[in-house]
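Please open the structure in your viewer and keep the sequence beside it. The stops below say what to select and what is found there.

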Amino acid sequence: MHELVMDQPRWLQGTVDFHLQWGCMFYYRDVKSTVSYLLRQRAFAKHLVYEPVRDYDGEGNRVYTKMHTSNWWWQMQVQLGSGNC
C-alpha cells in the first residue's frame with residue numbers, strides 16, 4: 001500500500017451572504033498548498049502526466065483518449081515555451 005504525505009493543507013473558514021440568508025459558513029483550503037500536497041503524494045505518482053503525448057493505434061492512426069493526448073496540450077506547450085510553468 002502507498003503511504004500518503006501527512007502535512008495536509010489546513011481548512012480555512014469563511015462566510016457568504018445570500019439573498020434570503022446571511023452569514024452562511026463555508027470551508028475551503030488554499031488552492032496552491034492543496035495542489036502542492038496532491039502532487040507530493042507517492043500514491044498518485046504513476047498516474048500524473050506532465051507533458052503531452054501523441055498516441056497511435058496499431059494502424060498508425062492518431063488516438064485521442066485523455067487531455068494530454070489532445071492537440072490543445074501541444075498548443076499550450078508551444079505557446080508557453082520551456083521553463084514557463
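Begin by selecting Val 31, which belongs to helix α1, the helix formed by residues 31-39. In this predicted model, is Val 31 buried or exposed? Its relative accessible area is 60%, and the cut-off for an exposed residue is over 50%, so Val 31 counts as exposed.

Ser 33 is partly exposed, because its relative accessibility of 29% falls between the limits of 20% for buried and 50% for exposed. How far apart in space are Ser 33 and Arg 10, C-alpha to C-alpha? The distance is 8.9 Å, although 23 residues separate Ser 33 and Arg 10 in sequence.

The next stop concerns charge. Side chains of opposite charge can pair when their charged atoms come close. The structure contains one salt bridge. To see this bridge, select Asp 7 and Arg 40 and show their side chains; the closest N and O atoms of the two are 2.9 Å apart. Which parts of the chain does the pair tie together? Asp 7 is in the segment before β1 (12-16), whereas Arg 40 is in the loop between α1 and β3 (55-56), so the bridge ties together parts that are 33 residues apart in sequence. Both partners are partly exposed: Asp 7 has a relative accessibility of 46%, and Arg 40 has one of 36%.

Select Arg 54 and Trp 74 next. The charged end of Arg 54 sits over the ring of Trp 74, at 4.0 Å from the centre of that ring.

Then move to Trp 72, which is found in helix α2, spanning residues 71-80. Trp 72 is partly exposed, with a relative accessibility of 43%.

How many helices and strands does the protein chain have? There are two helices and four strands, and from the N terminus on they follow the order β-β-α-β-β-α. Of the 85 residues in the protein chain, 13% are buried. Switch to a surface view to finish: the accessible surface of the protein chain is about 7600 Å², and carbon and sulfur atoms account for 58% of it.

Definitions and conventions
Residues are numbered from 1 along each chain as its sequence is written. This is a predicted model: local features need pLDDT of at least 70, side-chain atom pairs count only at pLDDT 80 or more; totals for chains, interfaces and linings use all residues. Side-chain values use heavy atoms; hydrogens and water are left out. Buried means under 20% relative accessible area, exposed over 50%, partly exposed in between (1.4 Å probe, protein chains only). A charge sits over a ring if NZ of Lys or CZ of Arg is within 6 Å of the ring centre and within 35 degrees of the ring normal. Accessible areas come from the Shrake-Rupley method with a 1.4 Å probe; for residues, only the protein chains shown count as cover. A salt bridge is a side-chain nitrogen of Lys or Arg within 4 Å of a carboxyl oxygen of Asp or Glu.
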